[in-house]
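Student: Please take me through the charged and aromatic contacts in this model. I would like each label set against its rule.

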Amino acid sequence: MLNFTENAIARVQHYLKVQAQQGVTAVRVAGTVREPKLWLARPDDLEATDHIFRVDDFDVFIDTVSAEQLKGATVDFMED
């Protein structure tokens with residue numbers, strides 16, 4: 001579905017660790033190539049129609065429409 005760079009994986013893992021006490025264990029990705037969005041998620045944020053896949057040691061939730069729009073996209077993290 002989506003590709004994550006090593007840098008993106010490391011940043012997601014960092015934020016998941018910081019938010020672990022709030023029950024955050026996954027990320028949700030949505031949107032389009034022009035306007036992608038990524039945010040932290042809890043297991044109970046998973047919708048029945050979501051696709052779920054594993055990246056390294058965390059789950060990624062993505063709705064059906066976004067999955068089609070973002071198919072093959074790469075998630076990266078950049079500081080500016």
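**Charged and aromatic pairs**

Tutor: The side chains of D59 and R54 form a salt bridge, at 2.9 Å from N to O. The model is predicted, so local features need pLDDT of at least 70 and side-chain atom pairs count only at pLDDT 80 or more, while totals for chains, interfaces and linings use all residues. Residues are numbered from 1 along each chain as its sequence is written, and side-chain values use heavy atoms, with hydrogens and water left out.

Student: Why is R54 called exposed?

Tutor: Its relative accessibility is 51%, and exposed means over 50% (buried is under 20%, partly exposed in between, with a 1.4 Å probe and protein chains only). D59, at 23%, counts as partly exposed.

Student: How many salt bridges are there by this rule?

Tutor: The count is three. One of them joins R28 and D50, whose closest N and O atoms are 2.4 Å apart. R28 lies in strand β2 (residues 26–31) and D50 in the loop between β3 (36–41) and β4 (51–55), so this pair ties together parts 22 residues apart in sequence. Strands here are DSSP runs of E, at least two residues, numbered from the N terminus.

Student: Are R28 and D50 buried or exposed?

Tutor: R28 has a relative accessible area of 9% and is buried. D50 is buried too, at 13%.

Student: How do you know that E35 and K37 form a salt bridge?

Tutor: Their closest N and O atoms are 3.9 Å apart, which is within the limit. E35 is exposed at 52% relative accessibility, whereas K37 is partly exposed at 43%.

Student: What makes the rings of F4 and F58 an edge-to-face pair?

Tutor: The structure holds one aromatic pair. The ring centres of F4 and F58 are 5.8 Å apart and the planes stand at 75°, so the pair is edge-to-face. Rings of Phe, Tyr and Trp (its six-membered ring) pair if their centres lie within 6.5 Å; planes under 30 degrees apart are stacked, over 60 edge-to-face, and the rest tilted.

Student: Where in the chain do F4 and F58 lie?

Tutor: F4 is in strand β1 (residues 3–4) and F58 in strand β5 (residues 58–62), 54 residues apart, and the pair links these distant parts of the chain. F4 counts as buried at 11%, and F58 is buried at 0%.

How values were computed. Salt bridge = Lys/Arg side-chain N within 4 Å of Asp/Glu carboxyl O. Helix = DSSP H or I, 4+ residues; strand = E, 2+ residues; numbered from the N terminus.
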